[in-house]
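Please examine the strand pairing and the side-chain packing of the model shown here. The paragraphs that follow take these topics in turn.

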Amino acid sequence: MNPDLLRPGTVLTYPYLWLREQKEGETEGRKERPICMVIALKTGSGTTHLMLLAISSKPPIREQDAIEIPEIERRRGGLSEVGTSWIVISEYNYDVAEQSFYLRPDQAPLGRFSRSFVALLAARLAPLLKSRTGRVGRL
């Protein structure tokens, strides 16, 4: 696995499964979309647990909490051509890097958000992690 893929703030493509799709019984994301690698936690056994946030060009719907991505961060993330975009923080996909059917080891990142923007995401995510709501899991 390319170690650059697992750095927080990395933007890459991934078949993200929305929470509403999972609730309707779907098990696979409908299309590859840009996502942000927000957490990559390697355990003592060598397993890397990932938290992935969706990036969307559509404004968030009522039940979603999202952060609009500033223009400079869109450029850093390789999303200049996308235009106005949001990172949805009220849900996430969980994956294990070494067991993933969705991460391609040869995939090149689209870009990477700045440390300060990733810190903002992490601060907004903290309540979600404590409450364990909105999580979409897949292995």
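Val11 stands opposite Cys36, a residue of strand S2. The two strands concerned, S1 and S2 (residues 33-42), pair in the antiparallel sense over four bridges; helices (H or I, at least four residues) and strands (E, at least two) are DSSP runs, numbered from the N terminus, and two strands pair if DSSP finds at least two bridges between them. The model is predicted, so local features need pLDDT of at least 70 and side-chain atom pairs count only at pLDDT 80 or more, while totals for chains, interfaces and linings use all residues. Residues are numbered from 1 along each chain as its sequence is written, and side-chain values use heavy atoms, with hydrogens and water left out.

S1 also joins strand S7 (residues 111-112) through two bridges, and these strands run antiparallel. Within S7, Arg112 is the bridge partner of Thr10. Is S1 (residues 10-14) mostly covered or mostly open? It is mostly covered, with five of its five residues buried, where buried means under 20% relative accessible area, exposed over 50% and partly exposed in between (1.4 Å probe, protein chains only). In a regular strand the side chains alternate between the two faces of the sheet. In S1, Thr10, Leu12 and Tyr14 point one way, and Val11 and Thr13 point the other way.

In soluble globular proteins, nonpolar side chains tend to be buried together. A nonpolar core is here a set of buried Ala, Val, Leu, Ile, Met, Phe, Trp, Tyr and Cys residues joined through side-chain atoms within 4.5 Å. The largest such core has 20 residues, of which Ile55, Ile87 and Phe113 touch the most other members. Two or more residues each come from S2, strand S3 (48-56), strand S6 (92-96) and helix H3 (115-131). H3 gives the largest share, five residues. Leaving aside neighbours within four places in sequence, Ile55 is in contact (heavy atoms within 4.5 Å) with residues including Val11, Cys36, Ile87 and Phe113. A second, separate core of 17 residues includes Leu5, Tyr14, Leu52 and Ala54.

Phe113 is also touched by Glu73, as are Ser114 and Phe117, not counting residues up to four places away in sequence. Glu73 lies in helix H2 (residues 71-76) and counts as buried because its relative accessibility is 4%.

Three aromatic pairs occur in the structure. Among them, Tyr16 and Trp18 are edge-to-face, 4.9 Å centre to centre with 70° between the planes. Rings of Phe, Tyr and Trp (its six-membered ring) pair if their centres lie within 6.5 Å; planes under 30 degrees apart count as stacked, over 60 as edge-to-face and the rest as tilted. Tyr16 counts as buried at 1% relative accessibility, and Trp18 does so at 5%.
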